[in-house]
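Me: I would like to go through this model by question and answer. Please start with the term needed for the helix packing.

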Amino acid sequence: MDSPPIVISASPHVHSERTSKKIMYDVVIALVPAFLVSLYVFGFNALITTSIAIISCLLFEYLIQKYLMKTEVTITDGSALLTGLLLAFNVPAGLPIWMIIVGSLVAIGIAKLSFGGLGFNVFNPALVGRVFLLICFPVQMTLWPMAVVNNTTIADAVSGATTLGIIKEGLQFGGTMTELSAKLPSSVDMLLGITGGSLGEMSAIALLLGGLYLMIRKVISWHIPVTILLTMAIMTGIFWSIDPEHYANPLIHLLSGGAILGAFFMATDMVTSPMTKKGMVIFAIGIGAITVIIRLYGAYPEGISFAILIMNAFVPLINSYFKPRRFGSKIKAKIM
Amino acid sequence: MLKTFSKGGIHPPENKLTSTKTIKRLAPPKVVYVPIAQHIGIPAEIIVDRKDKVEIGQVIAKSGGFVSSNIHSPVAGTVTKLDMVIDSSGYKKQCIVIRTDVKNETNFQETEYPLKKEIDLEPAEIVKRISDLGIVGLGGATFPSHVKLNIKEDKKMDCLIINGVECEPYLTADHRLMLEKGEEIIVGIKILMKALHVHKAVIGIEDNKHDAVELFKRLTADEKEIQVAALQVKYPQGGEKQLISAILDREVPKNGLPMDVGVVVNNVGTIFAIYQAIQHNKPLIERVVTVTGKKLENPSNFWVKIGTPIKDLIEEVGGMPEGTRKIINGGPMMGKAIKNTDVPVTKGTSGILIVDDGEACRGEVKNCIRCGECVNVCPMGLEPHLLMNLTEKGLYEKAAQEDIMTCIECGSCSYVCPSNRPLLDYIRFGKNITKNLASSKN
């Protein structure tokens, strides 16, 4: 017989166009605007850091799966590429190359593959990589490079020159917000990304654009990012309204550090976030609250990476407590 | 904003290729294969023998119990065999094989009747007639209709819902029937309202059938008790529980029936069959079948005698196209794939769908990325990924606690899964084992 055989399988017989690969590449596309901003601000360094992170993530996944685990190699599914890209976004541009490679090994080898690969990891791999580097190499990881664009009011070249770093240090040495405000970049600069910080976290506008794209493509829903940002705004708002001299206002908190990158791209990682909308809101409130507590009282100026990782650990628990409402549980309607 | 059901749902490509094709009547086939189990419940009992001459519409198998149904001869002819024939389940089932008498004129008479509006029968007589003439639900579940009309005394009914949703992609049998037999369907609705003693009926039609919505709005302009509800296009709105939720915003409780919320739901095809049974004393021996597929020469809607082999229908639309990979009895979401085209059309056959490589093949199964989309789309509020996982591990009791038995097998979860995971396959498997475990305990 020339014609192909007739297939028998159970329903449904059709499938949507959605695949995990498309989802991964949608996230990559969403990160492009922020990447372009980092190229503009940090130039060649941004390109090097990003390329090294992506290449080493793909390479480690290939090597470990092929020679260590002896399983199917899944580097084409887009997830390792995304991990590399997000890792690069979370480190300072121009970090020594070997450190980026170590970070990639931790992200892919420890955080992802040792848990069983895509779908089984408990913690966000890129964040595990970043936090590992932050703890091992605190100096290099907070050495924020000078921006290439020198004609704008750029954050000064002293190390720790991120908005949150200036505030943390300034307040520790008895300064007030009024005194510090002169040193801080303007809200417009923070929105555009003309400031110090990790490679991909600076430009709020570019990240929001990407986040919007993900929401339109239905890769993420509003629940996690909006709840994180809202929680942060409310909490910092309360502190600020009580003592505006010793607490930065909510706008500074939302536009600085990794708040937007974390809320839209790191916390929304499907594998490490809850399944139901209810669960997502609880998860996001936790992230927002822990971030604010670390920012205001912790040793580090920024805490969203830690907050996301801490809440990642609660995801299985959240999933088993916050189940979808079963159909038929609604209170019985009155029959006329 | 158009109404729709409370939870989940998907919108697969509609592909209604035949929505403008008038229903054509086919000449009776040379031989019909009439299975005795065409409905949910107890199979009918054969009351004819080999070489018996049968008239068109004569009872050839008698209802085997309360939840069962009579079966009538679709043609006038001679019983040639009582045989085991493969049906759409893929198993051999008892069939009555009848050779059509080509000389008998009743086989070729146009069975079009003039519209009759007066309803002479009393409620109890209506129910009896529906039972006698073998009417079952034609939406696909083939539940004997008289059972639905036997309302327990403690239940209070207030609404009849008519299912004109046809949410399965490709199928247009109900859509065409509504357009072509609108007035008869209105009379059928009144018959059922009389039988049920209810004073409210709502016809639910998805808004992609705008012509049918308009037609019924016009036909019911003077009817105070019959309303038309245009519904948002969303699968599986044709599911009984989803339709009640969409129209009345009532949720049938877990393990409950529509009558628990005061409702009876009937498909438009069933309503038309009831109209013919009550007004013209015609048993259920034919139905509308959509024969469709993107590669078919001439996809069409047909009036088909029960027992007609599917291959006759495929011949009628231009033959099996090159590269066919799947033949589906029903729609793409809930239909059954069949291999053998000798399978006969039964009371539950709403369509035959022929698909090629592009649509038929399942993608490679990948790891679950925990996107939660299966949870989002589940119309029953279940967690398909969890149910699959529990079934895979053999934790059936846990799966039962997670309400696996309430799954309506609509397939929305498998449809959306970006990792092509066979969620519904596992859930079905888990349901079967859970059911067997429960019955072995009793």
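Reply: Axes here are lines fitted to C-alpha atoms, for helices over the stretch in contact, and angles run from 0 to 180 degrees between N-to-C directions. The model is predicted.

Me: At roughly what angle do the axes of helix 5 and helix 15 of chain A cross?

Reply: Helix 5 of chain A covers residues 125-136 and helix 15 of chain A covers residues 304-321. Their axes come within 10 Å. The crossing is left-handed, and the angle is roughly 130°.

Me: Which word describes how helix 5 and helix 15 of chain A lie to each other?

Reply: Angles of 65 to 115 degrees count as roughly perpendicular and those over 145 as roughly antiparallel. The axes cross at roughly 130°. The two helices are therefore oblique.

Me: How do the residues of the contact of helix 5 with helix 15 of chain A divide?

Reply: Helix 5 of chain A contributes A:Leu127, A:Val128, A:Arg130 and A:Val131, and helix 15 of chain A contributes A:Ser305, A:Phe306, A:Ile308 and A:Leu309. By class they are six nonpolar, one polar and one charged.

Me: Which residues does the UniProt annotation "binding site" cover?

Reply: The annotation comes from an unreviewed UniProt entry. Its residues span 50 residues in sequence, yet no two of their C-alpha atoms are more than 10.7 Å apart, so they gather at one spot.

Me: Is B:Cys374 buried or exposed?

Reply: B:Cys374 is in helix 10 of chain B. A residue is buried if 20 or more other C-beta atoms lie within 10 Å of its own. B:Cys374 has 27, so B:Cys374 is buried.

Note on methods: Residues are numbered from 1 along each chain as its sequence is written. Chains are lettered from A and ligands numbered from 1 in the order in which they are written. This is a predicted model: local features need pLDDT of at least 70, side-chain atom pairs count only at pLDDT 80 or more; totals for chains, interfaces and linings use all residues. Helices (H or I, at least four residues) and strands (E, at least two) are DSSP runs, numbered from the N terminus. Angles under 35 degrees count as roughly parallel, over 145 as roughly antiparallel, 65 to 115 as roughly perpendicular and the rest as oblique. A crossing is left-handed if the near helix is turned anticlockwise from the far one by less than a right angle, and right-handed if clockwise. Two residues are in contact if their C-beta atoms, placed from the backbone, lie within 7 Å. Ala, Val, Leu, Ile, Met, Phe, Trp, Tyr, Cys and Pro count as nonpolar, Asp, Glu, Lys and Arg as charged, and the others, Gly among them, as polar. UniProt positions are given in the numbering used here, feature names are shortened, and annotations may be inferred rather than shown by experiment. A residue is buried if 20 or more other C-beta atoms lie within 10 Å of its own, exposed if 12 or fewer, and partly exposed in between; C-beta atoms are placed from the backbone.
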